[in-house]
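Thanks for coming, everyone. Please look at the structure on the screen while I talk you through it.

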Amino acid sequence: MIYRRGFKFVKKVLPDEFILNRMSNRLSKRPVIHPSRTPPIKFVLVILSDINHRRLLRGGNQQGKAEALRMVVRCKFWLVKKKRFCAIPPLPDSEFCGNHSTRPDDRWILCSIDPSHSVLESNLENHLRRCPLLKHNNSLSLQSFYQKGINGGDEEDEDVSSESKRMAVHSIAAPELIKLFRKIKSVHALICKNIQDSYNVPEACRMWIDRSVDWKTPFQEKHVIQQASILGNLEKLGALKSSSSSSVGEGEQLAVVEFGAGRGYLTQMLADCYGVSKVFLIERKSYKLKADRSLRQKESLTLERLRIDIEDLDLNAIESLQGVPYLAIGKHLCGPATDMTIRCCVGEENGRNTCNLRGLSIATCCHHLCQWKNYINKDFFLSHGMNKDEFHAVTWFTSWAVDAADHASDTEESDTKMESEEILASEVDDHVLRNMCAKERAVLGFMCKDIIDAGRLMWIRKNGHGLEKSEFVKYVPSNISPENHLLIASR
């Protein structure tokens, strides 16, 4: 008998099975007892690492052993996203399981409702009636807080793909491209002069930094540091107080709404270190290993996870949030998700949503995904002589900031600022983009990211009635994350 990690593993291995298991690397790193030293037993255990040791096959006879052997051999279909083979056993006389076996008269096609999975063409009609995403969308449409496209922006405009942006940039004539570069430099020099570095890890978050929280909580130092600095900047601005579970005054309870919550570990840090009464996690995808279980164990905290796109969320229609002061937070809200979140919390009509908003903290990222349709402050770009096409060019340039930074990691930000004038003022020939080195691309990319977020900050200052304090800072050093922009606001 072998006892391992609390489980009782009993293994009888015949010589052929022993060789097969060694070849398939199933038991190469686990203790194996030679069959000659093992008494006859009733069970055969096949351990498959990809399914967490949970498959136990009963095989008291030769048929059962043959079934166990077949389970060792897996389907040969390669799952690209999971980077492994399918774990389902194959059909008899086939290398593939029933889900991935090929048929001479059929083919696999993408589901038209949810392209993340595929179905056999012959089964498509039946599948469309019971697709999981269709069921979710149908149930979501019945919720009071669902309002299609309420935070999406202008419906007339269409999304522009990254490939379309790239082709549009490469089709711009050299003189026009140089003119756009100079325009970007001019706007950046005018409005982005005072972006402060604000790496601020508060004492309240020390329990997470020192890893004194539950050891079961996933821990990656760079993410914990980012989360702590996001909360530290909120505390610095007065939206959070370490000495109290509320930042809004005597007798009031504070809620937290995390947009693009993912697994929810930013909110878990906030709940552990500051304490909150209500938590709303907004996320359109489904995740494993969420912080929800840990949050639900807090007796004084109520948790609601809403699986909905930020674009369709009417925050005022959530009954349990009505009349409750709250903080809106988000870590790495990609592209237009930042604009949708600002529009969802602050609104565009007389600050209709700000009466209960006590603070806002959004770490932006993926500026190359931003769309003119969704951008919150179009007037800002138009006032500086940039139209929709030039906006999309600016968003495409932002991808250079992260990509080129990998090739110019020894370039300090101060050097970048100092040399930006020389780079953009230099005369270049017709092959403008081709002649730009990685450092030059990084300079331009970071400037474009600054301009996009500066426009968002100016919109918050103009329309965020009651949000008297607002800042745009770099909340962590670039060596921790090059996506280090943080928009914060507080009453």
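First, a term: a contact means heavy atoms within 4.5 Å. Among contacts in this protein between residues at least 6 apart in sequence, 66% join residues at least 24 apart.

Now the ground rules. This is a predicted model, where local features need pLDDT of at least 70 and side-chain atom pairs count only at pLDDT 80 or more, while totals for chains, interfaces and linings use all residues. Residues are numbered from 1 along each chain as its sequence is written, and side-chain values use heavy atoms, with hydrogens and water left out.

Next, the overall layout. The protein has 17 helices and 16 strands. Helices (H or I, at least four residues) and strands (E, at least two) are DSSP runs, numbered from the N terminus. Of the 491 residues, 48% are buried. Buried means under 20% relative accessible area, exposed means over 50%, and partly exposed is in between, with a 1.4 Å probe and protein chains only.

On to one helix. How many residues of α11 are buried? Eleven of the eleven, residues 336–346, so this helix is largely enclosed by the rest of the structure. Among those buried residues are Pro336, Asp339, Arg343 and Val346. What covers them includes strands β10 (255–259), β13 (326–334), β14 (357–365) and β16 (485–490), plus helix α17 (438–463). Just after α11 comes Gly347, with a positive phi of about 80°.

Now the cysteines. A disulfide is a pair of cysteine sulfur atoms within 2.5 Å. By that rule, the count is zero. Take Cys273: the nearest cysteine sulfur belongs to Cys205, 4.1 Å away. Cys273 is buried, at 11% relative accessible area.

Last, the surface. The protein exposes about 26400 Å², with 49% supplied by carbon and sulfur atoms. Areas come from the Shrake-Rupley method with a 1.4 Å probe; for residues, only the protein chains shown count as cover. Find Trp78, Val80 and Phe85: they form a nonpolar surface patch, with about 320 Å² of accessible area together. A nonpolar patch joins side chains of Val, Leu, Ile, Met, Phe, Trp or Tyr within 5 Å, from residues with over 30% relative accessible area and no salt bridge. A salt bridge is a side-chain nitrogen of Lys or Arg within 4 Å of a carboxyl oxygen of Asp or Glu. Phe85 sits in strand β6 (residues 84–85). Phe85 is partly exposed, at 35%.

Notes:
Patches are made of residues with over 30% relative accessible area and no salt bridge: like charges are joined within 9 Å, nonpolar side chains (Val, Leu, Ile, Met, Phe, Trp, Tyr) within 5 Å.
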